[in-house]
Structures are given as C-alpha cells and as structure tokens.
Amino acid sequence: MTDMVTAIWSEFLTIAKEEAGSRVVETWFKAVSFTEWDMSTHTVYLQAPNHFVREWIKSNYYQLLETHLKRLLHVDHIKIILTESGISESIPPQPITPTSPVIVPAKQITPKQSDETILPARSLGKSKTPSGRVYTFDSFVVGPNNSLAYAAAQAVAERPGGMYNPLFIYGGSGLGKTHLLHSIGHAVKTRDKKSVTLYQTADRFVTEFISAIRFDKIHAFQQKYKSVDVLLIDDIQFISNKEQTQEAFFHIFNTLYDAQKQIIFSSDTYPQNLQGLAERLRYRLAWGLVVDMHVPTLETRIAILKKKADLHGEPLSDEVAYFIASCPVSNIRELEGALIRVIAFASLTNQSISLEIAQKVLLRVHDTRKGPIGFERVVKCLSKYYPYSLDDLQSQNRGKELVMARQIAMFLMKKVTDKSLRDIGHYLGGRDHSTVMYALDKVQQQASSNESFFDQLKRIEDDIMQCP
Ligand code: ADP
Ligand code: MG
C-alpha cells in the first residue's frame, strides 16, 4: 500500500517536472515527502524539511499539487496538510466527502531521485527507477523497436572498448535510453568489479564543469572523467551551445578513446542532427556505432506492461494488459504511468485489478487527459457562450470580459487536454505559465463562490466533452 503512495508521488513528480520544470522539482518537491493518504477524509499529508520550503510550496505550488494529486488519487476534493518538522498546518481547506475508510499507513517516504540524480558523478552503483526497480538488461523487454540498440548495448557491456566505440543510442523521450545505459553500467560492474564506470547526464556534466571552473577544480574534474573504464553520458543534446564544456568534453573523449575505454551516449536525435555542437565533436560522436530506438508495437507494449506489473508484484491478465497497452500513449514512460495509476487505484480502494477498474481509471485518460481534445475544440465550444474568437483570446487586449473568457479558456484547456501550463500560455498569446496558473486559481475561486458560474463552467465542459 505504501508502495502505492510512493508510486503516486513519483507520478506527481514526473508531471510537475513537465509543468513547472525540473529545477522546481529538484529544488522544492524532491525535498518534500508524501507521508500519508487518508482516503476516508481525502487528506494528503506532506512533510517539508523546513519552514521556508513549506511556505514556498504553499504560496506557489498549491494549485499544482491539488490538481494533480486529485487526479492521481481519483477524488474530487482533496485536503492537503503540509507539515514541517513537527508543526502542521493545512492549506486551503476544501470540502470533504467521506468515502470508504481506507487509510494508507503513514510511513516516511524519502524523496525519489530522478534519472539525473541517481548517480551523482560517481562510479556506478545501484540505479533505480522511481518505483524502486533496478534498471538492468533483465528488466528490459526486447522488441523490434529496440532490438538493435539492445544487442549493441549487450555487446558493449561484454567487451567495453571493443568494436562499437563510441556507442550512440538515440530516440524519443521515454523509449528506454536511460534504462539501457544503466543496464550497460550494471552488466560491466557485475562482470568486473574493479572496472570504473561512470554515468552522468550531459546536463549535470555541464553544471559540474561550471562549478569546477568556479572553484578552480578543473584538474580534478578532468582527472575524474579521464580515469574511467566506461563512461556513460545520457542526453548528450544538453551539451548544445555550451562551447567551453564541449571543449573540455572533447579532450576527455580523446583521452578515453585513445586509451580504448568505452564511451556510450544517448541522445534525442542522431549525431548529424545535433544543433549547437562543434563539428569536430559531432563528427566523433558518430565514429562508432549509431543505433536508434522507436515506439514499441502493441505486442511489445503488452510484454513490457506484464513485466513491469510482475515487478510490482501485481501480475496482469491478458485482457487488462491488452487494454492498457492499447491506450493512446506516445512512449513507455506514459504507458508505465497508466499502469501505475491502475495498480494504485486498485490498491487504494482494496480491489484486485480487473478490466473494469482499468477502464474506469484510464477512460479518464482517453476522455480528458490524453484524449484527442485539442485547444481548438475548447475555443470552439467556448465561443458559443462568450462572444470571442481565437484572435481575441490570443490578443493582448485586456478588457474585463475578455480577460475572464481567456481565463476560462485556460482553465478548461488544463482540465480537458493533456497540455502543460506552458503550452496553454503559449497558445493563448504567448503568456507564461504563471499567468495560466493564476487564471486557474481565479476561475476555481469564482466557481466555488458563485453557483451559476459553476453551472455555466460545467455546461461548457460537458459541451466540450460531447463535441465531435
Ligand atoms: P528515455 O531515457 O529514453 O527517456 P527511460 O529509459 O527513462 O527512457 O524509460 C522510461 C521508462 O520506460 C522506464 O521506466 C523504463 O524502465 C521503461 N522502459 C523503456 N523501454 C523499456 C523496455 N524495453 N522494457 C522495459 N521497460 C522499458
Ligand atoms: Mg532518459
């Protein structure tokens, strides 16, 4: 059960990262623990490490917490109690609807680490997924979409510094690149305990380099990277436009390559396509073997789901696996998110997983979050109630009525599409995500204090859902 609270929290972190950016998640949310979910009172208990973090989250991210925790926990109202080393205070009390008295045991859940923070530039240790599973070859399902990358990864793990050096794996987000990189690291380590493997995201490599310059530690920095046997650099695209870092990396690359040490990269695109990268570096990235990863077929998706579910100790029947695998997701991370929501819902409501439950949980995904509803449909339906066109909504005009209509548009877009606050702001005249956040707040407040406004909002929403 507590496992499920952990799963919900890591799901939340993933969403928060998309919406508010990874810096916000790293700085604020990772410091917070989700300690308990009391289903009878719809209360979420969170714990902040200190006053400052608590206050900041309270005033800046309450809406984000409320919106997504409500959705992830499948409830209409939620009460959030944010405590801080012994002190507790609830943030905006919401109406409570009592339901079945299921209480998730309180237990301290430590903040989960993201891929980037799994291995803070040290030799490769245990690298875990957000749900606590280890990324290894064993837990990786091979299908036509990734078989080449998988075979290459295995070959490299068996003979580091051999034929395929460097190995360059590219593909879209959530397709298993990080999983494969960690698998290589583990396999190398398992075979030869003495070999030094180092995993780092390019993002963190850049940060580390900058701080090395600042604190006059360049030599130690270079030494650290030049003394490894296997270097794994995840998401190399993040080194783009960082000329000095590229220069430093170039030397590390040459040293390792000349010493026949293995280098492995992942990226969201193939080397020639990497913008903002010095030609000589781009050229070197493609020196060895370049392999790509694709979106898996239905069969592979089913196999992945079954494997993941087994790892969670919740085996899936064929029909449930088929149903989840057929959800319109664009990558495996989202597929896993869907699975976790199903497992969590079944577990939190004390039921075993069935097709009915999966449908109940995921139809929301079809209908509202991931469904085919786009911004256009929202604007179209809204125009039946308010006399404004898309141009008006996108304009900089700040007439009172128009501002309200624009805020309602933002609210509904957030509610019925799967777009981020940033996307919504961008679509509605290049506004930033805090403007959208503010609008959501405003509309919500008005809806809670004005019944006819609430009804009107509900009508428009129903209209959007029914609209072809
Ligand atoms: P990327 O680095 O390409 O964005 P990740 O490696 O983080 O993607 O993968 C996202 C999630 O999908 C991880 O939980 C990973 O374990 C899972 N995953 C991806 N591909 C597979 C696969 N072939 N078999 C099992 N799990 C997979
Ligand atoms: Mg990754």
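Let me start with a term: a polar contact is a pair of N or O atoms within 3.5 Å, and inside the protein one atom must be able to donate a hydrogen and the other to accept it, with residues adjacent in sequence counting only if both atoms are side-chain atoms. What we have here is a predicted model, so to speak: local features need pLDDT of at least 70, side-chain atom pairs count only at pLDDT 80 or more, and totals for chains, interfaces and linings use all residues. Residues are numbered from 1 along each chain as written, chains are lettered from A and ligands numbered from 1 in written order, and side-chain values use heavy atoms, leaving out hydrogens and water.

Okay, ligand 1. A polar side-chain atom of Thr 178 sits 2.8 Å from one of the ligand's oxygen atoms. Arg 333 also puts a side-chain N or O atom 2.8 Å from an oxygen of ligand 1. With Gly 176 it's a polar backbone atom, 3.0 Å from a ligand oxygen. On its own ligand 1 exposes 560 Å², and the protein buries 97% of that (accessible areas by Shrake-Rupley with a 1.4 Å probe; for residues, only the protein chains shown count as cover).

Who's around it? There are 19 residues around ligand 1, and the nearest are Val 141, Gly 174, His 179, Lys 308 and Glu 336; near means a heavy atom within 4 Å. That shell splits into six nonpolar, eight polar and five charged residues. Here Ala, Val, Leu, Ile, Met, Phe, Trp, Tyr, Cys and Pro are nonpolar, Asp, Glu, Lys and Arg charged, and the others, Gly among them, polar.

Helix 12 and helix 14 have axes that come within 10 Å and cross at roughly 50°. So helix 12 is oblique to helix 14. Those axes are lines fitted to C-alpha atoms, for helices over the stretch in contact, with angles from 0 to 180 degrees between N-to-C directions. Under 35 degrees is roughly parallel, over 145 roughly antiparallel, 65 to 115 roughly perpendicular, and the rest oblique. Helices are DSSP runs (H or I, at least four residues), strands likewise (E, at least two), numbered from the N terminus.

Which bond joins Asn 165 and Pro 166? A cis peptide bond, with omega about -5°. Pro 166 is in the loop between helix 6 (147-158) and strand 5 (167-171). And His 42, in the loop between strand 1 (33-38) and strand 2 (43-48), has phi near 55°, positive in a residue other than glycine.
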